[in-house]
Structures are given as structure tokens and as C-alpha cells.
Amino acid sequence: MTDATERTIATPIRGFAWMLAALVALGPLAIDAYLPAIPSMADDLNTSLHQIEITLSLFLLGFAAGQLFGGPLSDKHGRRLTILIGLTLFMLGSLLTAIGWRIELLWVGRLLQAFGGGMGVVNTMAMVRDRYSGRESAQVLSQIVTILMIAPLAAPFIGSFLLLFADWRAIFMFLFAYAAILLLVLRLNLPETRLAQHVTIISPLRRYLAVLKSRPALAFLFSTAMANAGMFAFITGSPGVYMGHYGASEALYPFLFGANILTLTISNQINIRLLRHFDARLILRAAQYGQLLIGATMLAALLWLPLTLFTLVPLVMLFVGMQGFIVANGMSSATDFFPHSAATATALISASGFTLGAISGALVGFFGDGSPLAMVSIMAICPLLGIVLRSLLQR
């Protein structure tokens with residue numbers, strides 16, 4: 001009996017998708033929940049908005065570093081141990097951020113929070129890969145992503161709600177409590193999924209080099225990473241574009257942001273059904289070209305037509321919706337090349353996405369002039385680069 005067969009017919013874990021989705025939700029909750037509080041944080045700490053915005057870039061970089069560290073640790077010592085250590089670090093970082101009285105403490109707290117979150121989240125795809133392969137892996141991952149969409153949809157509303165009754169520190173205490181409850185639930189209900197034969201003596205560096213030497217795997221790595229870079233360009237630029245340029249109110253912004261999450265949820269559901277009839281790699285390629293077409297349409301409309309808010313919002317929704325077809329299929333396709341180092345491969349793929357996301361977000365801020373031009377341009381360029389890199393590596 002093959003590894004793949006053993007994974008597919010393994011005894012079901014009750015609430016498996018829900019637990020992994022709750023674990024992955026650490027990222028969007030920590031990123032999106034505090035966005036409404038950024039102005040009040042700057043006032044309270046007597047610093048500039050830019051200094052507070054740095055905490056977002058630091059979080060993305062720390063999240064990437066946590067995944068790069070946690071992937072090999074998970075492959076060597078097990079998924080559960082890595083998850084529990086990561087959640088503990090996330091709790092400590094949340095607490096340090098909540099009690100921080102200087103901007104430097106916030107930077108340190110956010111880095112620690114992100115590093116721990118990355119260590120835990122990297123195990124999600126690895127645990128799916130432990131039990132499923134191929135099309136089944138992509139289907140399960142799409143189910144997880146669909147459940148996960150609750151977090152970025154709810155996060156800005158949670159932050160705004162907490163600000164009605166307390167200051168910004170309550171948001172990070174909420175993140176502390178969320179991680180503590182999740183730690184208890186996973187400790188009691190999530191078993192170890194790594195098979196015994198996965199234990200090897202290969203060093204983390206050699207594991208990463210093995211992934212980097214695989215041209216087919218790199219093709220899917222860059223496809224996924226560039227798609228995530230386009231997403232983070234939107235996340236970074238949307239507050240300034242929607243509220244600053246177009247004058248949307250703070251009350252309207254969460255709804256405009258949430259509309260993209262609903263589109264992404266729908267696309268994940270469609271992806272699950274498409275995978276019953278089509279190969280994951282075919283769907284990935286089609287979605288990349290679709291995202292490029294949408295990005296080019298946004299840029300053309302901005303340059304040669306009056307691009308209104310209510311024209312931009314539906315186009316962005318379609319652009320973000322393509323993520324549902326790209327990310328799940330790209331990650332499942334890449335990790336299929338590394339059945340015994342799934343966490344390491346996942347770490348490198350996901351860390352690449354967060355690193356490029358930090359870069360694309362920084363570029364939006366650097367070139368931004370108050371108009372949508374920087375955000376839309378980078379969103380259009382990212383899928384183009386993803387297609388070019390995938391094509392060159394698969395040649």
C-alpha cells in the first residue's frame with residue numbers, strides 16, 4: 001500500500017479542517033484586527049503613523065521567519081510540538097505588545113507574535129499533506145481556506161468593536177486570549193499526523209536546498225508567492241485609496257474590505273467542485289491568466305478612464321477571488337514533490353509569499369502619492385511575474 005493511499009484512508013480527525021482553519025486564522029486576525037486602531041495607537045504612543053505602520057511590515061517578515069524555522073522543526077520533531085511552541089510565543093508577543101509603552105516594544109512584540117504565529121501556521125499544509133495527496137489535498141485545503149475566510153472578514157469589525165469600549169491594547173489582549181484558547185483546544189484534540197517514516201537526519205539547510213533545486217516546485221512556489229504579493233499590495237494600499245482618495249468613511253471601509261473576503265470564499269467553494277473534474281495545475285494556470293487580465297483592466301481604466309470607487313471595488317473583488325484558485329492549488333502541487341518534507345516545503349512557499357508581500361506593500365507605500373496608481377500597478381505586475389516565472393521554470 002502506498003503512502004498516498006495510507007494518507008487518504010487514514011482515520012478521520014473530528015473537526016480537522018476547523019482546527020487547522022482556526023490555527024491559520026492567527027495571521028489575518030493579527031494583521032487586520034488592529035488596522036482601525038492605528039491612528040489612536042500613534043496618538044497614545046506619541047509617534048507617527050509611519051512608525052505604527054512599520055509594525056505591519058515587521059509582522060510579515062517575522063511571520064515568514066517563523067515559518068522557515070518551524071518547517072524543518074516540524075518535519076524533525078513533529079507537528080504538535082511545533083504548533084504548541086508557536087502558540088506560546090504568539091501569546092507572549094501579544095502580551096508584550098498590549099503592555100508596550102514605547103514604539104520599540106511594539107516592534108519587538110509584533111516580531112515575537114509573528115514568529116510564533118508562523119511556526120504554528122506552517123504546519124497546516126504539512127498536516128494536510130500527511131493525510132492526503134494530489135486532488136484530495138487541494139480539496140481539503142480549499143475547505144480550510146473557506147472556513148478561514150471568517151477571520152479576515154470579522155477582524156476589522158472586532159477591532160472597531162473593542163475600540164468602542166476600550167483602547168487599542170484590548171485588541172492585543174483579545175489576540176492573547178484567542179491563542180490561549182486555541183492552545184488548549186489543539187492540545188486536547190489534535191493528534192500528531194506526521195508518519196514515523198518521515199523522521200530523517202537531513203539538516204534544515206539541506207531540506208530547503210532540496211526544494212530550491214526542484215524547478216517544478218519553484219514554478220508553483222513563485223505562482224503562489226506572486227499571487228500573495230498582489231494581495232498584500234491591496235491590503236497595504238486599500239485604506240489610503242478607499243478612505244483617503246475616494247473618501248469612503250471608516251464605517252464603510254470594513255464592508256468594502258469584507259466584500260473581497262466573500263468573493264474569495266465563493267471562489268474556494270467553486271475550486272473544490274472544479275477539482276472533481278479538472279487537474280489542480282490546469283485550474284492554477286487559468287486563474288493566473290484571469291488575475292492578470294483583471295489587473296490589466298484596472299490599470300487601463302485608471303490610466304484612460306475615470307476609475308470610480310464603485311468601478312474599482314468589483315474589479316478588486318474579482319482579482320482577490322482568483323486567489324482561491326491559485327493558492328490552494330499552487331501549494332498542494334508544490335508539496336506533492338516532497339512527501340517527507342511537507343512542512344519544509346510549505347514553510348518556504350508561505351514565507352516567500354509573506355516576504356514578497358512585505359516588499360510589495362513597502363513599494364505601495366514608497367511610490368504612493370494618494371492615488372490608486374501605485375496599488376493598482378503593483379497588483380497588475382504581480383500576476384504577470386508569476387506567470388513568467390512559472391513558464392520559465394516549467395520549460
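Helix α16 has 13 residues, which at 1.5 Å a residue should span 18 Å. Its end C-alpha atoms are 18 Å apart, so the two values agree. The expected span is 1.5 Å times one less than the number of residues. Helices here are DSSP runs of H or I with at least four residues, numbered from the N terminus.

This is a predicted model: local features need pLDDT of at least 70, side-chain atom pairs count only at pLDDT 80 or more, and totals for chains, interfaces and linings use all residues. Residues are numbered from 1 along each chain as its sequence is written, and side-chain values use heavy atoms, leaving out hydrogens and water.

The buried residues of α16 include Leu309, Leu312, Val313, Leu315 and Val316. Buried means under 20% relative accessible area, exposed over 50%, and partly exposed in between (1.4 Å probe, protein chains only). An α-helix has 3.6 residues a turn, so residues three or four places apart point the same way.

Leu305 counts as exposed because its relative accessible area is 55%.

Now turn to helix α2 (residues 16-24), where Leu23 sits. Leu23 has a relative accessible area of 0%, so it is buried. Its contacts (heavy atoms within 4.5 Å) beyond four places in sequence include Ile83, Leu87, Val121 and Leu182.

Leu182 lies in helix α11 (residues 169-189). At 7% relative accessibility, Leu182 is buried too. Leu182 touches Ala22, Leu23, Leu26 and Leu87, leaving aside neighbours within four places in sequence. Its C-alpha atom is 9.5 Å from that of Leu84, 98 residues apart along the chain.

How values were computed
Helices (H or I, at least four residues) and strands (E, at least two) are DSSP runs, numbered from the N terminus.
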